[in-house]
Every structure is written in C-alpha cells, then in structure tokens.
Amino acid sequence: MIIDYFCPELEYMDLDSMWFQQDGATSHTAHVIIDLLKNMFDERVISRNGPVVWPPRSCDLTPLDFFLWGYVKSLVYANKPTMLEELKTNIEREIAAVSAAMCGRVMENWVQRIDRCKRACGGHMSEVEFHS
C-alpha cells in the first residue's frame, strides 16, 4: 500500500516539512515498514516502533481517528454498497469531497484537544463532552 499508493502521491510534495503519523497496528509498525518510512521522512515518523513514539490511548487526539474515519465511513456506507467497485467509488468520492475548510476546522478542534490534554497533564479531561 505504501509503495503502490502512498509514495506516488508524495512525489510532488516537500517531505522535509512533513511528518508521518500512524497508529500502533502491528502491520503498521513492522521494522521493514518503519525503515521505509524513515527513509522518506527521516526522524519525523510518529509510530509505535518509530523515532517518535505514538502516544498510548490517544485516538481522541488524532484528527483521522476522532473525525475523518467516522465521518467518511458514515457517507461511504449511506447507500449500502454491495460490490467492491461500488465501495471503492464511494470511498474515492467522499475523500475527494472533504474540503480544505473542513480540514481547517478539524485542525482548530485538534489544537483545542491538545490544549485540554496538556492542562489535564495527560489525565482525564472532564470538560470534554463526547458525542456518539
């Protein structure tokens, strides 16, 4: 996936100013994967076996986890796709529809979450209201 899909997308980007973050899934943290990512991003890899350790139990601090995956999934499955091609088309359409303005709002929210976490010294954040 990284070589076939991710790397070609990065071809025209300035990787020197970019960080790569992933969760702690075993398939994501194999040494061969971490080495590949370090070749691309140097020490700017946030991962369980990477140069910058992934913070434990941090899903509500990660924009992909607290927002993007749930948001996109709800739209992708709205028409109940039954064929793989239909699912792929839905995913591509909904990812492409995520606007820069929406990403900006998500990142503003992320900064607020980080501030709350810092104030709580990494502990429970009682002022955070979670919605389902």
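This is a predicted model: local features need pLDDT of at least 70, side-chain atom pairs count only at pLDDT 80 or more; totals for chains, interfaces and linings use all residues.

How many helices and strands does the secondary structure of the protein come to?

Author: Residues are numbered from 1 along each chain as its sequence is written, and side-chain values use heavy atoms, with hydrogens and water left out.

The secondary structure comes to five helices and two strands, where helices (H or I, at least four residues) and strands (E, at least two) are DSSP runs numbered from the N terminus. Read from that end, the order of the elements is α-β-α-β-α-α-α. Of the 132 residues in the protein, 26% are buried, and here buried means under 20% relative accessible area, exposed over 50%, and partly exposed in between, with a 1.4 Å probe and protein chains only. If a contact is taken as heavy atoms within 4.5 Å, then among contacts between residues at least 6 apart in sequence, 46% join residues at least 24 apart.

Now to the helix itself. A salt bridge is a side-chain nitrogen of Lys or Arg within 4 Å of a carboxyl oxygen of Asp or Glu, and by this rule the count comes to two. One of them joins Glu85 to Lys88, with the closest N and O atoms 3.8 Å apart. These two residues are three apart in helix α4, so about one helical turn separates them. Glu85 counts as exposed because its relative accessibility is 53%, whereas Lys88, at 40%, counts as partly exposed.

The other bridge is between Glu94 and Arg93, whose closest N and O atoms are 3.0 Å apart. Glu94 has a relative accessibility of 13% and therefore counts as buried, while Arg93, with a relative accessible area of 40%, is partly exposed. Arg93 is found in helix α4, and it can also be placed against Val72, which is 21 residues away in sequence and 9.7 Å away in space, C-alpha to C-alpha.

Lys80 lies between α3 (63-76) and α4, and because its relative accessibility is 65%, Lys80 counts as exposed. Most residues other than glycine have a negative phi. Lys80, although not a glycine, has a positive phi of about 50°.

Elsewhere, Asp42 likewise is not a glycine and has a positive phi, of about 60°. The loop that holds Asp42 runs between α2 (31-41) and β2 (45-46), and at 46% relative accessibility Asp42 counts as partly exposed.

To return to your request, the pairs to keep in view are Glu85 with Lys88 and Glu94 with Arg93.
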